[in-house]
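Open the model in your viewer and keep the selection tool at hand. The stops below go from pockets to helices to single residues.

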Amino acid sequence: MKTYFLEQLITSSNAASTTNDPVELAPCVLTIGNFDGVHLGHQAMLAQVRDIAHTQNLDAAVMIFEPQPREFFEPAKAPARLTNLAEKQALLAQHGVKTLVVAGFDEDFRSLSAQAFADILAKRLNVKALVLGDDFRFGHDRTGDSQFLRDYGLDVTNLHTITDSNIDNDHLNDVNNEAARISSTRIRDLLLAGDIHAANILLDRDYAITGSVVRGDQIGRTMDFPTANIDLQRIKPALHGIFAVDVVSLDENGEVIPDGLIKLATDNNIGVAGLRPHSLFGTANIGKRPSVDKGDDWRLEVHFPKLKADLYGLNLEVRFLHFLHGERRYDGLDALKAGIHQDVTDLLEWRNNQV
């Protein structure tokens with residue numbers, strides 16, 4: 001998949017520009033949206049894009065926004081991210097997207113008229129057809145819609161909302177009396193409530209966060225529970241609390257390194273095998289760590305039982321499998337250490353019951 005930034009495409013397509021040769025995108029079928037999570041609803045949209053692209057011999061393309069619009073308008077009130085940009089890129093590539101256009105959502109972009117935006121689609125991005133949700137709006141004050149694009153001369157297919165009725169799954173049928181819309185908001189609510197299983201069904205995969213291991217304040221190692229501090233690359237995470245996780249190491253192309261963590265183990269402290277291939281089992285805390293009074297910064301910290309290894313700088317994928325409980329405030333480090341010990345014991349017991 002090739003990724004382009006819209007501002008660069010517009011600049012390089014300007015005849016007055018002398019800094020770059022014009023970028024010529026292949027004719028494409030385009031869909032537009034946040035695609036946060038790339039869940040089953042998004043996947044249905046992408047399948048439609050691929051089908052049309054195959055039929056008309058076009059490339060399958062997606063336009064996303066960075067930051068997401070609500071992050072631009074109200075950063076403090078914006079919903080938690082299911083996926084950061086790198087995670088979204090990897091997932092879209094897995095679903096057959098050939099071209100990704102990242103539109104920087106800023107004051108200039110939000111001020112574009114519907115006509116100017118349509119011109120960009122047709123004249124800069126070489127869009128021949130679009131697949132859009134039936135409620136899609138664009139342009140300043142959301143004055144453009146699918147009919148505007150049809151009148152402009154573009155072929156537009158509208159995809160109806162995807163609901164539970166499109167999924168044959170007993171678990172979702174048990175928790176919903178009637179079909180509900182599959183949405184990023186709904187998945188955030190499920191994750192926040194600790195219903196990992198239902199969220200994973202709507203995502204069609206284990207929910208995961210990918211990031212590099214960075215240095216933290218090393219409080220865990222002083223209590224004999226060293227942790228890997230994962231760079232979140234988002235304003236705030238979509239889930240909080242204590243979890244069982246499987247963790248794999250990724251190479252520079254985002255591919256799983258076979259037994260990548262075990263190979264780094266020292267003194268034969270190779271950790272506990274995970275429930276997925278090439279993974280190690282871990283216990284994760286994701287939140288603000290109320291017991292250590294470290295302010296409002298969000299952290300994802302993973303403890304690997306029975307592992308001794310230097311993980312700094314690694315790119316790890318943390319897959320969330322089971323919710324134990326929310327974050328707790330403990331009175332002092334001794335109480336915190338006892339609480340962590342109990343969490344690790346409980347999560348290892350859960351893991352052993354799965355194998």
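By class, 16 nonpolar, 15 polar and 11 charged residues make up the lining of the largest pocket. Keep in mind during the tour that this is a predicted model.

**Stop 1: the whole chain**

Show the chain as a cartoon. There are 12 helices and 12 strands in the chain. Of its 355 residues, 46% count as buried. Now consider contacts in the chain with a separation of 6 or more: 74% of them are between residues 24 or more positions apart.

**Stop 2: the largest pocket**

The volume of the largest pocket is about 1400 Å³. To find it, select Ile 32, Gly 33, Asn 34, Asp 135 and Phe 136, which are the closest to its centre among the 42 residues that line it. Next, colour helix 2 (40-56), helix 3 (69-73), helix 5 (107-110) and helix 9 (184-192); these are the elements that give two or more residues to the lining of the largest pocket. Which of these helices gives the largest share of the lining? Helix 3 does, with 4 residues.

**Stop 3: the second largest pocket**

Move on to the second largest pocket, which holds about 720 Å³ of space. Select Glu 87, Ala 90, Thr 210, Leu 250 and Glu 317: of the 30 residues that line this pocket, they are the closest to its centre. Helix 4 (85-94), strand 7 (208-214) and strand 12 (315-325) each supply at least two residues of the lining. Helix 4 gives the most, with 6 residues.

Domain 1 (2-11 + 19-159) and domain 2 (206-353) each give at least three residues to the lining of the second largest pocket. By class, this lining divides into 9 nonpolar, 13 polar and 8 charged residues.

**Stop 4: a cavity**

The chain has 2 cavities of 30 Å³ or more. The second largest cavity has a volume of about 50 Å³. Select Glu 71, Pro 75, Ala 78, Pro 79, Ala 80, Arg 81, Ile 235 and Lys 236 to show its lining. How many of the lining residues of this cavity are nonpolar, polar and charged? The lining has 5 nonpolar, no polar and 3 charged residues.

**Stop 5**

Select helix 6, residues 114-124, and show the side chains of Ala 114, Phe 117, Ala 118, Ile 120 and Leu 121, which are buried. These residues lie on the same side of helix 6, because they cover an arc of only 150 degrees around the axis. Just after helix 6 comes Asn 126, with a positive phi of about 60 degrees.

Phe 148 has a relative accessible area of 27%, so it counts as partly exposed. Leaving out residues up to four places away in sequence, Phe 148 touches Ala 114, Gln 115, Ala 118 and Phe 138. Draw a distance from the C-alpha of Phe 148 to that of Ala 114: the two are 34 residues apart in sequence and 8.1 Å apart in space.

**Stop 6: helix 9**

Return to helix 9, which was coloured at the largest pocket. The buried residues here include Ser 184, Arg 186, Ile 187, Arg 188, Leu 190 and Leu 191. After helix 9 comes Gly 194, where phi is positive, near 85 degrees.

**Stop 7**

Finish with two single residues. Select Ser 249, in strand 9 (residues 241-250). Is Ser 249 buried or exposed? Ser 249 counts as buried, because its relative accessibility is 2%. Not counting residues up to four places away in sequence, Ser 249 touches Glu 255, Val 256, Ile 257, Gly 260, Leu 261, Leu 314, Asn 315 and Leu 316.

Then select Arg 215, in the loop between strand 7 and helix 11 (219-222). Arg 215 has 60% relative accessibility, so it counts as exposed. With residues up to four places away in sequence left out, Arg 215 touches Asn 229 and Tyr 312.

Methods: Residues are numbered from 1 along each chain as its sequence is written. This is a predicted model: local features need pLDDT of at least 70, side-chain atom pairs count only at pLDDT 80 or more; totals for chains, interfaces and linings use all residues. Side-chain values use heavy atoms; hydrogens and water are left out. On a 1 Å grid over the protein atoms alone, a cavity is a set of points where a 1.4 Å probe fits but cannot get out, and a pocket is an open set with protein on both sides within 12 Å along at least five of seven lines; lining residues have an atom within 4 Å of a point. Grid points are joined across faces, edges and corners, and a volume is the space filled by probe spheres set on the points. Ala, Val, Leu, Ile, Met, Phe, Trp, Tyr, Cys and Pro count as nonpolar, Asp, Glu, Lys and Arg as charged, and the others, Gly among them, as polar. Domain bounds come from an automatic or database domain assignment. Buried means under 20% relative accessible area, exposed over 50%, partly exposed in between (1.4 Å probe, protein chains only). Contact means heavy atoms within 4.5 Å. The arc is that of the directions from the helix axis to the C-beta atoms.
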